[in-house]
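Visitor: I would like to learn how to read a protein model. Where do I start?

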Amino acid sequence: MELIFGPSTQKSSKREYDAIIIGAGPAGLTAAIYLARAKLSTLILEKLVPGGLAATTDKIENYPGFPEGIGGEELTSRMEKQAVNFGVDIVLEEVLDVDFLSNPKVIKTSDSEYTGRGIIIATGTSPKSLNVPGEQKFRGKGISYCATCDAPFFQDKEVVVIGCGNSGIQEGIYLKKFAKKITFVEFLPHMTAEKVLQERVRALDNVEFLLNHQVTAFEGEEKLTGVRVKNRETGEEFLIPADGAFVYVGLKPNTDFLKGKIEMDNAGFIKTDEDLKTSIPGVFAAGDVRTTILRQVATAVGDGALAAKLLEEELGG
Amino acid sequence: MGLLKEEDRKYLIDEFSKHIKNPVKIIHFTSESNECMYCKETMEILKEVEELHDLITLYIYNFDTDKDMVEKYGIEMFPATVIEGEKDYGIKFYGIPAGYEFSSLIEDIMDVGEGKPDLKEETVNAVKDINKPVHLKIFVTPSCPYCPIAVRTAHKFAMANENIKSDMIEANEFPELSQRYNVYAVPRVVINEDRYFEGALPENQFLNEILEALKEG
Ligand SMILES: Cc1cc2nc3c(=O)[nH]c(=O)nc-3n(C[C@H](O)[C@H](O)[C@H](O)COP(=O)(O)OP(=O)(O)OC[C@H]3O[C@@H](n4cnc5c(N)ncnc54)[C@H](O)[C@@H]3O)c2cc1C
């Protein structure tokens, strides 16, 4: 078993920075590395744990440089150490409010207040819920959104994975190391995961695929016992008996605290131009949080580097 | 030798030298029973950690034969690890402190070695006001990135107030207990048996959960 630890988090007494990055996922950490190397004082504010969503996935196989794949946590903790080595402050506080109109810009957190001359928003996304009956009730009682966290509770059990995009299929393959049987449910008539993942999942024993099916409810007494689905073609409804259900039906942007402060699309993703500038001068957005067609570590890292470079130029660095 | 990579060992030696000012006792209860999934591995980890600083001392007891110590520390299962400073704060790990929980172990040692929990002052003051017994059980898995937040907060609360005891419980090693408490997602925090919540809450919200539980109780 691995022994995992991050750089011990800091309590920063410093309040004024050249650059403040919100979110310590791959996008934020990369931006920080570039800014710190440009000798700008740089703070990252993170509400949970450094690493972001990438840290919650067992293995990343499509990020270049790791021919055998690399654990999501291992990859991001290396980014984190690299950022800290270049002098970045990482502080674990949630950003609750911002004032982008004052100069310098003000960032309010759960604990304190900071100012930055330039800001990069890299708050990423959170798993979406399905909003069907039973989902709230059975959350933590069979329904889970983190396979690496909760898979061991479903040893030799029957599990439903909802969503056949990259995340659903990839996490389903991991879950199959524990679960006896997995039923994959997908709303669309086809899977959207990468072809190599599709081939791999189809080769597993005891997996079933219900494409063009919609989840209508989660059922059970004290804990989850089944997932109700509807065939979207025939309208037929039936119950899949299950001890667990893992939900991977897309992502919603972590932008609630920015409502009305910055331009967003209808789904709440931040709009940027091709230089990653937002509607507010001096504020950039990078990674999964912005309107884009691909949300991956490789794109998040690319965004982070570009946003940092352009912010550096803007600050006259 | 060598669970810890050389670079990590160096890093920790350096961090520990900055933070540890007071003696830290790691009091460990093990067993030769073959029911014990990770007793050997847990002991190896603790032995390596002991080597990282002069002020850290590891004491090893046998759960089955060292009854006095088992009773003194209120140990219920094995492997169990207590992190003690100038006194026993009620900080326990049941099961292996590996994976992400290694970071909980390391940071607990630094807090205890520094002699104060890494909490906001207003939180410390509010925690100190609790005058009824509180027992926190934090169910975790080693592969859960959010779990150490819950474990650490609970352990810091225990450090701040002697009425609070808090145990990390590695769910894989104690399946019956996990079943008894219906644990299907981690971190699961159980407060005095009856109340629970899931997830990594900020310290003030965690504290509110405790205060609510005390009101009900
Ligand atoms: C199950 C799963 C599997 C995946 N597998 C792969 C894969 O194999 N390959 C791949 O390339 N990508 C994969 N991805 C996608 C990848 O994880 C993301 O594209 C990447 O993490 C995006 O990085 P980011 O920095 O933009 O955002 P995130 O990683 O989401 O990081 C954002 C950070 O901001 C923090 N934050 C949010 N709001 C606030 C606030 N108000 N204040 C402070 N901090 C805040 C969050 O806590 C988080 O740490 C996977 C994703 C999932 C869910």
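This is a predicted model: local features need pLDDT of at least 70, side-chain atom pairs count only at pLDDT 80 or more; totals for chains, interfaces and linings use all residues.

Guide: Then begin with chain A.

Visitor: What does the secondary structure of chain A come to?

Guide: Chain A has 6 helices and 17 strands. Its radius of gyration is 21 Å, close to the 20 Å that the globule rule gives for 317 residues, so chain A is as compact as a globular protein of that length.

Visitor: What does the C-alpha trace of chain A span along its principal axes?

Guide: The spans are about 60 × 40 × 35 Å.

Visitor: How do I read burial? What share of the residues in chain A is buried?

Guide: A residue counts as buried when its relative accessible area is under 20%. In chain A, 54% of the 317 residues are buried.

Visitor: How many positive and negative side chains does chain A have?

Guide: There are 36 positive and 45 negative side chains in chain A, and the centres of the two sets lie 1 Å apart.

Visitor: Now the cysteines. How many disulfides are there over all chains?

Guide: A disulfide is a pair of cysteine sulfur atoms within 2.5 Å. A search of the whole structure finds 3. One of them is formed by A:C146 and A:C149, with sulfur atoms 2.3 Å apart. That link is right-handed, with 65° about the S-S bond, and both A:C146 and A:C149 are buried.

Visitor: Which cysteines of chain B are joined?

Guide: B:C36 pairs with B:C39, the sulfur atoms being 1.9 Å apart, and B:C144 pairs with B:C147 at 2.3 Å from S to S. The angle about the S-S bond is 85° for B:C36 and B:C39, a right-handed link. For B:C144 and B:C147 it is 90°, and that link is right-handed too. B:C36 and B:C39 are buried, as are B:C144 and B:C147. With the bonded cysteines of chain B numbered in sequence order, the pairing reads 1-2, 3-4.

Visitor: Is A:C164 buried or exposed?

Guide: A:C164 is buried, because its relative accessible area is 0%, and the cut-off for burial is under 20%.

How values were computed
Residues are numbered from 1 along each chain as its sequence is written. Chains are lettered from A and ligands numbered from 1 in the order in which they are written. Side-chain values use heavy atoms; hydrogens and water are left out. Helices (H or I, at least four residues) and strands (E, at least two) are DSSP runs, numbered from the N terminus. The radius of gyration is taken over C-alpha atoms; the globule rule is 2.2 Å times the number of residues to the power 0.38. Buried means under 20% relative accessible area, exposed over 50%, partly exposed in between (1.4 Å probe, protein chains only). Lys and Arg count as positive and Asp and Glu as negative; His and the chain ends are not counted. The place of a charge is taken as NZ of Lys, CZ of Arg, CG of Asp or CD of Glu.
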